[in-house]
Amino acid sequence: MQKQPSKAQNTAPSKIQAKKTAPKKILIFASGNGSNFEAIVKHFQQKAFKAKVNIKLLTDNKNAYAIQRAKKLNIPYFYVPFENLYDFLKPRAKEYNLYVLAGYMRILPEKILKLGTVSGIQGQKKQNKFINIHPSLLPEFKGKNAIRQAFDAGAEKTGVTIHFVEKKVDSGKIIVQKSVAIGNKTLAELEKSIHEIEHKIYPEIIENLLFKKNILLFGGGAREHALAQKLSESPFLDTLYMANPNDGFKYLGKTIEFTPSGDTRADFYNLAKKARKLNINLLVVGPENPLFEGIADIFQNEGIRTIGADKKWANLEGSKSFAKNFMLKNSIKTADYRVLEGEAAVSKHSTQIKEALEYFKAEYQTPPVIKADGAALGKGVYLPERFKEAEFEIKKFLEGKFGEASKKTILEERLFGKEISLLSFWDGKTLLSFPPAQDYKRLLDGNIGKNTGGMGSIAPAKISAKEQKQLEEYQNNLKKALLKENADFKGIIYSGLILTKKGVHVLEYNMRFGDPETQVLLELLDTDLLYIFLKMSDKKLDKIDLKFNKKKAYCMVLASEGYPDSPKKGAQIKNLEAAEKYNCKIYFAGVSKINKHQKSAQEQDFSLPAKHKAADYAGDTFITNGGRVLNIVKSAFSGKIALDKIYKTALEINFDGKIYRKDIGKTYKS
Ligand code: GRF
């Protein structure tokens, strides 16, 4: 009997599929030994890929050992004296997808590099087809004998860099770096370990550059704008699809309209099917609600990998009592607590609330913090100053101040100290964290007023060496706990921490990128975000180094009058160009565009550093359409300069009812 074609096979091949099955061609340049060349060839000979990969060798040295390797491997080769290189390449420039330098001992002049530059055609980003591998952590130890240079300098570590080739030697945008500790290694041992790494990562990076990925980003706030921006800078990205971006960042990719029907799970299922048809390789989830509803489980079932916790582990955020159990079982320090639930607790004759409050009075002398058990958009927390006030508020919570989320309410011992947000990548095996960040939760200067989704953020948060050590211990404990509990998901874990006299305590977990912490943390991240996600999805986070720069990053939220309760909407946002003037980034949240001057991907020059140009908004009129309207973000080595520019931008961008905090950058203790 004939086999029924599967549904996936049944669908007519899309343009993307057709494009991907065309053979890929790479030309490897080597002058000498050619061990990298051999590793690359073997990689593509041993595995099957979506398309055939044809490799050829080019050398400027008749006696290169690489030629012997080519003969053995059955790979065609060209001997091209350097002075003939331009004439040789010119007629073939379009033929190759990638030019791979692997021990090619020449500096390529600009006119040759130009042959490898593809300007944004067919909606593609501007591309540089020349890549190189260098045996050091660039910009350290450029030029010849880089391994020896690091060794002789007595460096603690060195490593490998893969980068795009630009005019100056060993410069150009870094694609990936991997470090190696030098320790007690002899020079020969060091060379051996560097070459082993080269032979692993160079083929892998080439594979990722040949077979780029389609990503679906779910969510439409400023956090997702920042994520979309960062992802769109990745050389591994083919197309960025977005499920309901706001009007401020639609131009970064293609929009998939996601219209909720009331049956969320069915909606996610349909979205997953659509994603499969579009050959989407990975889903990245921004907000928490889809995770609570099981979007990760649904996509995984459809064969699409997801960055975002599954339904079970989303409970670390979705249910405070689940989180408390997890912490208690695993000796992770957290505030002492009591749970109150349902009508029984609020009924006339109930003494439950009184008894709970008496407990806190006896033990801690301060009224407890009141928290809705379920998720309430980061707003379901109340900090009473007096016990009477606490009693009144607890009742309101239990009666449904935050709907179902607060019908179960947690009372917590009030802790005092510095609050820190620690965001970590988790792949089921390895936990890697960002530097700590700090957000500004309260509405008003001086950390007073209502709780909001966040009015600003800074990173890295200022912490002492002792606190840094405590944070590392905390991360080890968290990792152990996750492993013990078999938390087999790939996602983000946000630990809301407080550094008390009794050590690091967990205030809460969120299972997604924090908003607005993400906006500042991405400023510090030098490792390609998409590469991190791909490694996570392979459960190989342990194989990469996260690299952070030493800048200081700040984010200021401009919100609308009335936020967080009932923000005014519909005011025109004026003078967005101020952001460009002060070299700040803008991430949009609650905005809509009234004259749709849609910029297509073709119009974007992705080769430029990520910054917002006035031209991005030319002809656009944005109006406010939510509480948090936009973020102004800036990072610099001087925090003072960065903040100064943010405040100037905040002053000049205008809309009716604009509100913002004037103390972003200050550190507070609670
Ligand atoms: C490698 O160390 C590479 O990083 C550098 O040159 C060396 C080439 O080695 N650019 P091989 O010719 O591939 O063995």
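How many nonpolar, polar and charged residues does the shell around the ligand have? Two are nonpolar, seven polar and one charged; here Ala, Val, Leu, Ile, Met, Phe, Trp, Tyr, Cys and Pro count as nonpolar, Asp, Glu, Lys and Arg as charged, and the others, Gly among them, as polar.

A quick note before the views: this is a predicted model, where local features need pLDDT of at least 70, side-chain atom pairs count only at pLDDT 80 or more, and totals for chains, interfaces and linings use all residues. Residues are numbered from 1 along each chain as its sequence is written, and side-chain values use heavy atoms, with hydrogens and water left out.

**View 1. Who sits around the ligand.** The shell (a heavy atom within 4 Å of the ligand) is made up of N33, G34, S35, N36, G103, I133, H134, P135, H195 and E198.

View 2. The side chain of S35 has a polar atom 2.5 Å from a ligand oxygen. For N36, a polar backbone atom is 2.8 Å from an oxygen of the ligand, and for N33 an N or O atom of the side chain is 3.1 Å from one.

View 3. L58 belongs to strand 2 (residues 53–59). Because its relative accessibility is 0%, L58 counts as buried (under 20% relative accessible area, 1.4 Å probe, protein chains only). Beyond four places in sequence, L58 has contacts (heavy atoms within 4.5 Å) that include L27, F29, F78 and Y104.

Key: Helices (H or I, at least four residues) and strands (E, at least two) are DSSP runs, numbered from the N terminus. Buried means under 20% relative accessible area, exposed over 50%, partly exposed in between (1.4 Å probe, protein chains only). A polar contact is a pair of N or O atoms within 3.5 Å; within protein, one must be able to donate a hydrogen and the other to accept it, and residues adjacent in sequence count only if both atoms are side-chain atoms.
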